[in-house]
Amino acid sequence: MLEYSQETVNATFMSIVERLTFMFGEPMNKDDLDTEAMDFTLARMSFVGDMIGTLSVAVPTAITAEIAANILGLEAEDLSDKAMLDDALGEMLNVVCGHIIMDLIGKGANFKLHSPEVLPVDESMLVEMLASSDFQGFELDDSPALLGLKLES
Amino acid sequence: MAFNILIVDDSATVRAVINKALMLAGVDMNLAYQAGNGQEALTVLENEWVDLVFCDISMPVMDGEEFVAKLKELGIIDSIPVVIVSSAGSEPRLARLKANGVRDFVQKPFTPERIREVVESVMGVASNA
């Protein structure tokens, strides 16, 4: 497993999410995250170049409308189109990813981001993320979130 | 003077956010076109008069770098200003884009104020804000 600064990743994630969605986050031990009886949505994307890997973020499906609404400057109750909610979550990940790569490598980095994919999380996926050392837990405005960075080179 | 603006991004969210930022920034917009990738953007440019393009880098089918290179090949990059809007704006990439004629760069996430600043700089006019 390639090494990177988890502190840098965490700080960049929280900073960008706050600027984009006005949601405040803090790192949390995955064992302390309350994920019971929650459906989650996962956005993930790969990148290549000076750094090759995959970045993923999983949030409760229930807050995807709030995320989209805050990015778009609309009311969450006015947003119900799943495609729009997925697109907003994917875009949040896209912005986070670009910043994380440049904060880890520097502004001279050469990299290409692939389009994010957004999918529902089943129970086995959630268990795997909670157990994986690639994933870090967060609390975003009282909601659990998982951020996973897996580097291949 | 009201501008015809083309917003190029594969994310509908981003296209809506840029559109909203332009309005909040008080940019005098006549028409706002949208495209999901560089290829769609070229089709818009073939059929419509556009004064300014905001374009992402990472897009399927034809990405931002390919789109800008095409505009340069067509000899129109100097007459249709292009501003890149991206989170993937590393220095080597921005240098390549500027060498190909891109006028400015807006890093995501951005504020309406930054959008206004760029429009005023690129188009040489003050907005209504």
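**Entry 1: the sheet in chain B.** I began with the open sheet in chain B, which has five strands in the order 2-1-3-4-5 and parallel pairing. Which strands stand at the edges? I found strand 2 (29-35) and strand 5 (104-107) of chain B there, each with a single partner strand, so one side of each has no neighbour in the sheet. From one strand to the next, the twist averages 20 degrees. A reminder to myself: this is a predicted model, so I am reading a prediction here.

**Entry 2: a helix on that sheet.** Next I looked at what packs on the sheet, and I noted helix 2 (residues 38-47) of chain B, which touches strand 1 and strand 2 of chain B. I also wrote down its direction, which makes about 160 degrees with that of strand 1 of chain B.

**Entry 3: strand 3 and its partners.** I went through the pairs of strand 3 one at a time. Strand 1 (residues 3-8) of chain B pairs with strand 3 (residues 52-55) of chain B in the parallel sense, over four bridges. Looking across that pair, I saw B:I5 opposite B:L52 and B:I7 opposite B:F54. With strand 4 (residues 82-86) of chain B, strand 3 of chain B also pairs in the parallel sense, over three bridges. There I picked out B:C55, which stands opposite B:I84 in strand 4.

Are the residues on the two faces of strand 3 of chain B buried or exposed? I had this rule in mind: in a regular strand, side chains alternate between the two faces of the sheet. On one side of strand 3 of chain B I found B:L52 and B:F54, on the other B:V53 and B:C55, and all of them are buried. Both faces of this strand are covered, then.

**Entry 4: two helices in chain B.** I moved on to helix 3 (residues 64-73) and helix 4 (residues 91-99) of chain B, which pack at an angle of about 20 degrees with their axes 10 Å apart. That makes helix 3 of chain B roughly parallel to helix 4 of chain B. The crossing of helix 3 of chain B past helix 4 of chain B is left-handed.

Which residues meet there? From helix 3 of chain B I listed B:G64, B:E65, B:V68 and B:K72, and from helix 4 of chain B I listed B:R93, B:R96, B:L97 and B:A99. Sorted by kind, the residues of this contact are three nonpolar, one polar and four charged.

**Entry 5: chain A meets chain B.** Now for a pair from two chains. Helix 3 (82-105) of chain A packs with helix 1 (residues 12-24) of chain B at an angle of about 80 degrees, their axes 8 Å apart. These two helices are therefore roughly perpendicular to each other. On the chain A side I saw A:M84, A:D87, A:A88 and A:E91, and on the chain B side B:A12, B:T13 and B:V14.

**Entry 6: A:K107.** Where does A:K107 lie? I found it in the loop between helix 3 (82-105) and strand 4 (111-113) of chain A. A:K107 is exposed, at a relative accessible area of 51%; the cut-off for exposed is over 50%. I then asked what A:K107 is in contact with, leaving aside its neighbours within four places in sequence. My list has A:M102, B:S90, B:E91 and B:P92. I also checked A:K107 against A:M84, 23 residues apart along the chain, and their C-alpha atoms are separated by 31 Å.

- A:A37 has phi near 55 degrees, a positive value in a residue other than glycine. I placed A:A37 in the loop between strand 1 (25-28) and strand 2 (40-49) of chain A, and it is exposed at 85% relative accessible area.
- B:V61 also goes on the list, with a positive phi near 70 degrees in a residue other than glycine. B:V61 lies in the loop between strand 3 and helix 3 of chain B and counts as exposed at 69% relative accessibility.
- The peptide bond from B:K108 to B:P109 is cis, with omega near -5 degrees. I found B:P109 in the loop between strand 5 and helix 5 (112-123) of chain B.

Conventions: Residues numbered from 1 in each chain as written. Chains lettered and ligands numbered in written order. Heavy atoms only, no water. Axes fitted to C-alpha atoms, helices over the stretch in contact; angles between N-to-C directions. Parallel < 35°, antiparallel > 145°, perpendicular 65-115°, else oblique. Left-handed = near helix turned anticlockwise from the far one by under 90°. Contact = heavy atoms within 4.5 Å. Nonpolar A, V, L, I, M, F, W, Y, C, P; charged D, E, K, R; others polar. Pairing = 2+ DSSP bridges. Buried < 20%, exposed > 50% of the residue type's maximum accessible area, 1.4 Å probe, protein only.
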